[in-house]
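Please keep the sequence and the structure in view while reading.

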Amino acid sequence: MKQSEQDRTLTTAGAPLAIIGIGCLFPKSEDATAYWATIREGVDAITEIPESHWRISDYYDSDPKRTDHTYGKRGGFLSEVPFNPMQFNIPPNAIEA
C-alpha cells in the first residue's frame, strides 16, 4: 500500500474500519446523500418550530423558570415519516400517547 493510501485508511485497535452504510433521520435530510450534503454545505438545519408541531405563542416564554413553558423556539425537526404502528404491534389508539 502506498503511503498516501495508508494515510487515508481509518483504523481502530489496528483493525481496518469501513463505513458501509448509514440509517438515520436528520432535519433537512431525507436520506444519507442529503445528510452528507447538508454537512458539506454547512446548512443550518435548526429552524423555528413549525405550526404543525405547536404554536410558539402557546408555550414560549423568554423566562426559563416559567412553568409549563419553554424558553426555546427553535429546533431540529424531521419531515413527516410514513409509519405503520401495526408493523410494530402498537395499537393505533396508543400512538398519540
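Predicted model: local features only at pLDDT ≥ 70, side-chain atom pairs only at ≥ 80, totals over all residues.

Helices are DSSP runs of H or I with at least four residues, and they are numbered from the N terminus. By that numbering, Thr38 has its place in helix α2.

**Overall make-up**

- The protein contains 3 helices and 4 strands, and the order of these elements from the N terminus is α-β-β-α-β-α-β.
- The protein has 97 residues, of which 10% count as buried.
- Its accessible surface amounts to about 8500 Å², and carbon and sulfur atoms contribute 54% of that surface.

**Salt bridges**

- How many salt bridges does a search of the whole structure find? The search finds 3.
- Side chains of opposite charge can pair when their charged atoms come close.
- One of the salt bridges joins the side chains of Asp44 and Arg74, with an N to O distance of 3.4 Å. Asp44 belongs to the loop between α2 and β3, while Arg74 is in strand β4, so the pair ties together parts that lie 30 residues apart in sequence.
- Another salt bridge links Asp58 with Arg55, at 2.8 Å from N to O. Asp58 counts as partly exposed because its relative accessible area is 35%, and Arg55 is likewise partly exposed, at 45%.
- Arg66 and Asp61 also meet through their side chains in a salt bridge, with 2.9 Å from N to O.

- Trp36 counts as partly exposed because its relative accessibility is 41%.
- Together with Ile22 and Ile39, Trp36 forms a nonpolar patch on the surface. The accessible area of these residues together is about 280 Å².
- Thr38, also placed in helix α2, counts as buried because its relative accessibility is 13%.
- Which residues does Thr38 touch, leaving aside those up to four places away in sequence? Thr38 touches Lys28, Ser29 and Val43.

- Trp54 is located in the loop between β3 and α3, the latter being residues 56–59.
- With a relative accessibility of 25%, Trp54 counts as partly exposed, since that class lies between the 20% limit for buried and the 50% limit for exposed.
- Apart from residues up to four places away in sequence, Trp54 is in contact with Ile49, Tyr59, Tyr60, Thr70 and Gly72.

Definitions and conventions:
Residues numbered from 1 in each chain as written. Heavy atoms only, no water. Patch = residues over 30% accessible without salt bridge, like charges linked within 9 Å, V, L, I, M, F, W, Y side chains within 5 Å. Areas by Shrake-Rupley, 256 points an atom, 1.4 Å probe, with all protein chains shown as cover. Salt bridge = Lys/Arg side-chain N within 4 Å of Asp/Glu carboxyl O. Buried < 20%, exposed > 50% of the residue type's maximum accessible area, 1.4 Å probe, protein only. Helix = DSSP H or I, 4+ residues; strand = E, 2+ residues; numbered from the N terminus. Contact = heavy atoms within 4.5 Å.
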